[in-house]
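Here is a set of questions and answers on one model. Please look it over first.

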Amino acid sequence: MNFFDAHSIFFTVFGYKLSYLEFFAVITGIVSVVLSAKASVWSWPAGIINVFLSAFLYYQSQLYPDMFLMVFFFVTNIMGWWRWTNPKPEEEDRNKELKISFMPLRQFMYLLAIGIFGTLLIGTLAGQLHNWLPLLFNLPSAYPFVDSFIFVMSVITTFLMIQKRVECWIIWLIIDIVATYLYFLKGIKFMGIEYFIFTIIAGFALWNWIKEYKGYSKTISNTEDL
């Protein structure tokens, strides 16, 4: 049994053959996102394990932009872990971790515009990888523009998450819906179910982060009353 081989089957569910690699990539991914939704700093180390496993899965599924995205996520998980646990004094919440915050609307719209442009650019490049590097990418990229949208927007929203911006969950909602469609289309059904679950979690996370953000002002008000 080769754990990192996507064809090494763990078990079969309703006729779908689930590999060890896909199963544990999904489980660690769900754990990481649930912890993020709760604004727990432990989401970052869980994410490091997830991206390591997911990179092997994406390579074997010819989802090359997603594979490259995992390298980025590995680095940013380390960055996020450090940023959340080392805030400036004025950025601290009651747990001495980074506070949740909003960003200016104009800046948010600017990032979305960059995301659209980046999707078109990366999608075009991804569609040519099998021509430029045939020894490394022997098959053409599957759905390069849809896959690149996930890649580009994930990069943008990850930096927002590192800064603990509420808007990151708005973008994650969109990404998760698109990813759910893509993975079912590509036949990675368990991963598709994972991203459907992520969509639900992202909705909860958006509500929970806004609730915690509003709680800061109540805490300050109660402190002043004392």
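**Hairpin, pocket and helix packing**

V13 stands opposite Y16 in β2. This is a predicted model, where local features need pLDDT of at least 70, side-chain atom pairs count only at pLDDT 80 or more, and totals for chains, interfaces and linings use all residues. Residues are numbered from 1 along each chain as its sequence is written, and side-chain values use heavy atoms, with hydrogens and water left out.

Reader: How many bridges join β1 to β2?
Author: Strand β1 covers residues 9-13 and runs antiparallel to β2. Strands (E, at least two residues) and helices (H or I, at least four) are DSSP runs, numbered from the N terminus. Two strands pair if DSSP finds at least two bridges between them. Here the number of bridges is four.

Reader: Which residue in the turn of the β1 and β2 hairpin has a positive phi?
Author: Two residues lie between β1 and β2 in the hairpin. The phi in question is about 50 degrees, and the residue is F14.

Reader: Which element gives the most to the lining of the largest pocket?
Author: The largest pocket has a volume of about 240 Å³. A pocket is an open set of points on a 1 Å grid over the protein atoms alone, where a 1.4 Å probe fits, with protein on both sides within 12 Å along at least five of seven lines; lining residues have an atom within 4 Å of a point. Grid points are joined across faces, edges and corners, and the volume is the space filled by probe spheres set on the points. With three residues, the element that gives the most is β2.

Reader: Are α2 and α3 roughly parallel or antiparallel?
Author: α2 and α3 (residues 64-85) pack with their axes 8 Å apart, at an angle of about 170 degrees. Axes are lines fitted to C-alpha atoms, for helices over the stretch in contact, and angles run from 0 to 180 degrees between N-to-C directions. Angles under 35 degrees count as roughly parallel, over 145 as roughly antiparallel, 65 to 115 as roughly perpendicular and the rest as oblique. So α2 is, relative to α3, roughly antiparallel.

Reader: How many charged residues does the contact of α3 with α6 have?
Author: Contact means heavy atoms within 4.5 Å. Among the residues that meet are F72 and W84 in α3, with F151 and I162 in α6. Ala, Val, Leu, Ile, Met, Phe, Trp, Tyr, Cys and Pro count as nonpolar, Asp, Glu, Lys and Arg as charged, and the others, Gly among them, as polar. Beside 14 nonpolar and five polar residues, the charged ones number three.
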